[in-house]
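Notebook open; today I look at a ligand site and then at the domains. Structure goes in here first.

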Amino acid sequence: MAVKTRAYYAPGSLSAAFYDLVTDADLRLRGDEDIYAALAPSGGGILELGAGSGRLSAGLAARGFTVTGVDIAPAMLAQAEARAAALPPEVRARITLRRGDMTALDLKATFDLVICPFFTLAHVPTGAAWRNTFAVAAKHLGAGGLAAFHLPRLDLMRRAGPANPEAPVLDEVLPDGRRLLMFVRERSFREGVNRLDQVVEYAVADAAGRIGPRSPERLTYYMTDPAPLAATAGLIPDRPPIDIGGVGDIFVFRKT
Ligand SMILES: C[S@@+](CC[C@H](N)C(=O)[O-])C[C@H]1O[C@@H](n2cnc3c(N)ncnc32)[C@H](O)[C@@H]1O
């Protein structure tokens, strides 16, 4: 029988509920905020496409930038709102959050830097959705402005291999003593479209190790060379891609 799944970051999903915990535990992401901060002028304006739980919006606002964060998932935006509300008022005042689709967005404003962090662009299919997102980035930049897209490494997606549903890929103690477990239940890579499909199963174990209800959630990544699609929006490579943790690269483009 086919497993009933929900989409990553859907309402009630554990991928949304435990996003911060899982991301904090992933050492391969460390340092991305420093890279984005170095791309914008001091105190400048940043548009974040796929702002998620506000991990970067909050950090960049604390560094003095003014940040507009856009996300399609209400469950993620709710966390970003809660995070922002807990910040000192002067930092909170530098953050604007709104629901929106990065493939079709028009804020009628320009920014010094557009960022699309942690594989967000890889959540939508290559082709029209990528072209439209690059056009959105270009529309929100002045001439010479930078846009940074963090994308996964295609060779690793291709080599990921079949799932091992028995071996947890994460086993993390929660603040209340329970444990969060993650398993990859299904995984396949489709050559040509360069699509990695995964069913990631989340489960919480109590202090005695009893595993509660499992939540299988679909996570799909798409990847291709972004440069030709970015060029259709007038975005040209600004520097060689910046490696992050050996699992992905930040591609920086400049608006012509
Ligand atoms: C991996 S999270 C990244 C969150 C945050 N930027 C970070 O680095 O921690 C990807 C986010 O992209 C959002 N997302 C996916 N497709 C989107 C779209 N078409 N428009 C806006 N946000 C989208 C998801 O809802 C999710 O919150």
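For my notes, a polar contact is a pair of N or O atoms within 3.5 Å; within protein, one must be able to donate a hydrogen and the other to accept it, and residues adjacent in sequence count only if both atoms are side-chain atoms. The model is predicted, with local features needing pLDDT of at least 70 and side-chain atom pairs pLDDT 80 or more, while totals for chains, interfaces and linings use all residues. Residues are numbered from 1 along each chain as its sequence is written, and side-chain values use heavy atoms, leaving out hydrogens and water.

Asp 101 reaches a ligand nitrogen, at 2.9 Å from a polar side-chain atom. The protein buries 96% of the 600 Å² that the ligand exposes when taken alone (Shrake-Rupley method, 1.4 Å probe).

Domain entry. I noted domain 1 as 31–152 + 224–255 and domain 2 as 156–221, with bounds from an automatic or database domain assignment. Their centres, over C-alpha atoms, are 26 Å apart. Eight residues from domain 1 and seven residues from domain 2 make the contact (heavy atoms within 4.5 Å).
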